[in-house]
Amino acid sequence: MEASKMTKHPLIIEEWNGSSSTKLFKTATITFSPSLQIQRSVNGFNHVWRRFLDAFVPEGFPGSVTPDYVPFQVWDSLQGLSTYIRTMLSTQALLSAIGVGEKSATIIGATFQWFLRDLTGMLGGILFTLYQGSNLDSNAKMWRLVADLMNDLGMLMDLLSPLFPSAFIFIVCLGSLSRSFTGVASGATRAALTQHFALQNNAADIAAKEGSQETMATMIGMALGMLLARITTENPVAIWFSFLSLTMFHMYAVRCLSLDSLNFERSSILLQHFIESGQVLSPKEVSAMEHVLPLWTTLRLSKSAKPLHTNVKLGLRVSTLDHSEMANFLTSAGSFYNEAKYLLVERKGTVSVVVHKDSTAEDILKSYIHALVVVNLTVGQKSLHLECQSWMDKHYESFVQKLKLAGWKAGRLLSHSIIWKAHWSLGEKTD
């Protein structure tokens, strides 16, 4: 009886392969009716190829990463490849300048020069972290590009070192200083970008696979670099032509990124467009509008008005206010912002935000948007506090909701660490 039931209703088992539920593919179908039949869905080559790709792409790819992951990684790998090729050329020039292969060169002299070079880089990395460490997360695109350009400058210094023997120490120390900035900025921004790419809490997997991609690019770049160095030996024109030709991929890599976190500039762009049209731009649209170089390098060349965020300062030391500013500050604490976790102070054409010591991430975001509204609605020298407060009451919640619907992470503002905060409270009147 049991055998006849199995004959009428064949048993079918499907075999699936993959370590993630989003990355499974069928490898075989097993049918028992009444004989055993095995039908394989993939051949051996496809299986090996999939296993090879697993070493370079995250689990669940492409669904586990953002859409800008692939174009950025492609350009970043090409950029890395060109960097390692140029490194071979610059290292060859540096060793030549130190005196490798010359009888007049001494071991202790070369060692001392290398020591000064490394020491300068270490000190430079510490100083760069001190002054810019808190800014790297909020401006990841800009600092990633700056890191690449500083790396180019460092290699350029190495390539120039044989041409100026009398200034050799100064030139190589300047190159080491540039590379130290690269090391700090590149490492910090890589962490921020990895968090951006991760859609399924898989930042560690993405970081590991990026390491594999970088290793592969390094090996290929070193091989091509040694070949190029051999071909261009004792031919300065060919060396310089090859070096400059390979410095072409930096701007394209960061331009592929569409970050969905709010920083000073993105908040300014979004708010200004919202005030004008009532609509919120997408991360991709804002990406095409924001600067990827430090703002001071582009404002001088641009005839357009300064962005709103350049007139806002988040975090003010209250003790630096003069008597009149302090009087306005105390008046504001008891009138316009008596229920808010922040105060706005206008001084010298800038709106400064005094943040309450108990403020949350949402309070800081609201305070910054409020400051941008004040800058945008200020007419000449006349401040319109009541109008700005009215705008915030009517439109702020709608603005935040539209940000979230457009794909923005609107819970907090990526910014410098706010080191100056304040506390205020309104005491009860007594007779």
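Predicted model: local features only at pLDDT ≥ 70, side-chain atom pairs only at ≥ 80, totals over all residues.
The secondary structure of the protein chain consists of 15 helices and eight strands. The chain has 431 residues, of which 40% are buried. Among contacts in the protein chain with a separation of 6 or more, 72% are between residues 24 or more positions apart.

Helix α3 (residues 69-98) and helix α5 (residues 140-160) form one of the helix pairs considered; their axes come within 8 Å and cross at roughly 20 degrees. Because this angle is under 35 degrees, α3 is roughly parallel to α5. The crossing of the two helices, α3 and α5, is left-handed. On the α3 side, the contact is made by Phe 72, Asp 76, Gln 79, Thr 83, Arg 86, Thr 87, Leu 89, Ser 90, Ala 93 and Leu 94. These meet Arg 144, Asp 148, Asn 151, Asp 152, Met 155, Asp 158 and Leu 159 in α5. By class, the residues in the contact of α3 with α5 comprise six nonpolar, five polar and six charged.

Helix α5 itself has 21 residues, and the distance from its first C-alpha to its last is 30 Å, close to the 30 Å expected at 1.5 Å a residue. Of the 21 residues in α5, 16 are buried, and the helix is thus mostly covered.

The second pair consists of helix α14 (residues 361-377) and helix α15 (residues 385-405), which pack at an angle of about 130 degrees with their axes 10 Å apart. The helices α14 and α15 are therefore oblique to each other. Their crossing, that of α14 and α15, is right-handed. From α14, the contact involves Glu 362, Leu 365, Lys 366, Ile 369, His 370, Val 373, Val 374 and Leu 377. The partners in α15 are Glu 387, Cys 388, Gln 389, Trp 391, Met 392, Tyr 396 and Phe 399. The contact of α14 with α15 contains 10 nonpolar, two polar and three charged residues.

Ala 110 lies in helix α4 (residues 107-132). The relative accessibility of Ala 110 is 22%, so this residue counts as partly exposed; the cut-off for a buried residue is under 20%.

Conventions
Residues numbered from 1 in each chain as written. Heavy atoms only, no water. Axes fitted to C-alpha atoms, helices over the stretch in contact; angles between N-to-C directions. Helix = DSSP H or I, 4+ residues; strand = E, 2+ residues; numbered from the N terminus. Parallel < 35°, antiparallel > 145°, perpendicular 65-115°, else oblique. Left-handed = near helix turned anticlockwise from the far one by under 90°. Contact = heavy atoms within 4.5 Å. Nonpolar A, V, L, I, M, F, W, Y, C, P; charged D, E, K, R; others polar. Expected span 1.5 Å × (residues − 1). Buried < 20%, exposed > 50% of the residue type's maximum accessible area, 1.4 Å probe, protein only.
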